[in-house]
Amino acid sequence: MEAFMQVACPPCATRFYPEGTPTHRIRRHEKANVKSDAAADFETAIDATGCGLFSYGILVTAGLIFLTSGLQNGINAYILPAAKCDFDLSSAQMGALNAFFLAGGMVSSYVWGILGDALGRRPVMVFALVADALCTLCSTLSQSYASFAAFRFVSGALIGGPASLAFLYVGEFVPARKRTSYSLIVGGFWTVSWIILPGLAWLVLPQPWEVRALGLTFNSWRVMLSLIAAPTLVSAALAMRFPETPKFLMSQGRLKEALAVLTGIYVTNTGRAGDEYPIASLALAGDDSAGVAEVDAAPELSVKSVAAVARRKLSEAMTLFRVPVLARTALVCAIVFANMFSYYGLVLWLPELFNRFEVHYALHPDQTTTVCQLSQTWAAEQVEMQQMKMNSTSIEAAEQNLTDAANATSAGCNAAEAVNEAVFLKTLIISGVCLVANVVAALLAPAVGRRALPLVLNVASGALAAAIYFVDSTTGNLVVASLFQALVGNANTAINGFMVDIFPPRVSAFGVCSAILAGRVGAAVSNLVLGSLLDISCEVPIFLIAGTVIVGGVLCIFVQPPWSNPKDEEVNGSMVLPASRQEHQQKSSAHLTDVQEPAALPV
């Protein structure tokens, strides 16, 4: 065990066992307690580890990984206005850069799923994070649109892996009763990233930094882009300090390693000796053990062996699309598609709606209007705004108009003009509301349950999406938008909470990545629909988004319990444990009644 900890998690070895080396700690108490003789499955074993310091470390690590994904997904909104001058970009090219980034994530979804199930969650995440940081740094040296677009595509492909696997990683280290709460907290790091971005842009982009050497230009927007590589490397370093998930190790037949990891988690979480961990041996349940032979350590990897494992995992992944797993795959993909369709379809258009209301009330301060009424008159109001600028009779007004026009023309080339204060404040308000909602949802999650929470959040966010049709002010739009983004965003993270255990362990990463791919397709489709119909038939996309998110919530009613032995029975939606697991839980509960766990997270 000591050797494994030194290999799998060198800095963790002494941290797992605060009182000396792992060997000394275990030997000192090796006869202190009698353990159960029956082999335990994963859920029983992880439940016996409790929650404590190790759980908190995994939570922070997964949260930082998800935060880096949020930074990468949102960075374009701030750097592209400043980068427009360097690359002489048109609006279509700026939009295409966003599309390239999203396309990279879509293309790589299944690749990360296969690699995560074949090689493990941790090595895949660490590799992708380090590679993404290097790609981001290289992109700051790009001097052409084509090379920058290529780097953004690769970055989207790389960061998609850690973003998809982060929830799976944390979910396989904590008991089932804590997974939804932990997933919501990890999701809150995304909100934090979208608070960091406008603040960072406000500090960095206005700076007149510019260095020209060897044909390269390095200025403020490139500095901002390079800065987000720092948290990416930090999260990779943290992930390296933790072991592989015991659930993955068990799925590979590496039961001794899995037991060593579980024992280390127990010691760190509870502060007790390793030999007091009530689980003496592990075993896979039912079909999960088919074709899996117990091995002492991970096999040596080569290009041929990795390719062979990937082919085998791809073949195994086809079980997701066959009975009895097909129903789970279809349900989860439909739910994630519906939520991402609604989330990205509306959230990415909110700045445009804010801008339209600002223009309207500048022209007609006493005349209220709704989003759809504004869509019908938007073209005319743009013409009216231009005419007002051209028909200024006052010399001072004319001079001021010329100055404003010059500033507007050069804004794309002036980093100081890249971030609008009004947009910054609105983004900060929306992100703040989302962060508060994350905390509230995490507190309520254990009481509400894995099915009810996304159902309630989706239905409420659907009602808010429909309410946008009736909003007739910028303030009203801001309030509704903040609440909608907060609720549907928390629904997404709640859904991520049950995705980690709904698929068979050997193909869980592939299953999660399949659902994420469905969500990204939904996001792309919704943007096309809203962009095409907003100015033609405004009612259709608004109520389509509202209806879709409600349907996604209703589908959560049919979410199945965690994947388990097919011989386990379901009664009224609850899993009835076989006798062996009941025996383990009874013995574990009796054994742990005298254990005082450290103060838990506020979840």
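Residues are classed as buried under 20% relative accessible area, as exposed over 50% and as partly exposed in between, with a 1.4 Å probe and protein chains only. The structure is a predicted model, in which local features need pLDDT of at least 70 and side-chain atom pairs count only at pLDDT 80 or more, while totals for chains, interfaces and linings use all residues. Residues are numbered from 1 along each chain as its sequence is written, and side-chain values use heavy atoms, with hydrogens and water left out.

The protein has 603 residues, of which 53% count as buried. Its secondary structure consists of 25 helices and four strands; these are DSSP runs numbered from the N terminus, with helices being H or I of at least four residues and strands being E of at least two. Contact is defined as heavy atoms within 4.5 Å. Among contacts between residues at least 6 apart in sequence, 82% join residues at least 24 apart. The protein exposes about 25300 Å², and carbon and sulfur atoms supply 65% of this area. Accessible areas come from the Shrake-Rupley method with a 1.4 Å probe, and for residues only the protein chains shown count as cover.

Nonpolar cores were taken as sets of buried Ala, Val, Leu, Ile, Met, Phe, Trp, Tyr and Cys residues joined through side-chain atoms within 4.5 Å. The largest nonpolar core holds 127 residues, and Trp221, Met224 and Leu282 touch the most other members. Helix α9 (residues 145–171) gives the largest share of this core, eleven residues. Because both domain 1 (36–282) and domain 2 (314–389 + 417–563) give residues to this core, it lies between them; the domain bounds come from an automatic or database domain assignment. When neighbours within four places in sequence are left aside, Met224 is in contact with Ile75, Tyr78, Ile79, Leu197, Leu200, Ala201, Val204 and Leu205. There is also a second, separate core of eight residues, including Ala445, Leu453, Ala491 and Ala494.

Gly70 belongs to helix α5 (residues 53–74) and is buried, at 0% relative accessibility. With neighbours within four places in sequence again left aside, the contacts of Gly70 are Trp190, Ser193, Trp194 and Leu197. The C-alpha atoms of Gly70 and Ser193 are 5.6 Å apart, although the two residues are separated by 123 residues in sequence. Ser281 is placed in the loop between α14 (255–270) and α15 and is partly exposed, at 25% relative accessibility.

Side chains of opposite charge can pair when their charged atoms come close. A salt bridge was counted where a side-chain nitrogen of Lys or Arg is within 4 Å of a carboxyl oxygen of Asp or Glu, and this rule gives six salt bridges. In one of them, the side chains of Arg177 and Asp47 meet with an N to O distance of 2.3 Å. This pair links distant parts of the chain, with Arg177 in helix α10 (residues 176–204) and Asp47 in helix α4 (residues 42–47), 130 residues apart. Both partners are partly exposed, Arg177 with a relative accessible area of 45% and Asp47 at 33% relative accessibility.

Arg121 forms a salt bridge with Glu172, with the closest N and O atoms 2.9 Å apart. Since Arg121 lies in helix α8 (residues 121–139) and Glu172 in the loop between α9 and α10, the pair ties together parts that are 51 residues apart in sequence. Arg121 is buried, with a relative accessible area of 1%, and Glu172 is likewise buried, with a relative accessible area of 1%. Asp117, Arg121 and Glu172 are linked in a network of salt bridges. Another salt bridge joins the side chains of Arg254 and Glu257 at 3.0 Å, N to O, and both of these residues are buried.

On the surface, Tyr110, Leu314, Met318, Phe321, Val323 and Leu326 form a nonpolar patch with about 530 Å² of accessible area together. Patches are made of residues with over 30% relative accessible area and no salt bridge, with like charges joined within 9 Å and nonpolar side chains (Val, Leu, Ile, Met, Phe, Trp, Tyr) within 5 Å. Met318 is in the loop between α15 (303–317) and α16 (326–347) and counts as partly exposed, at 33% relative accessibility. Pro324 is also placed in the loop between α15 and α16, and the peptide bond from Val323 to Pro324 is cis, with omega near 10 degrees.
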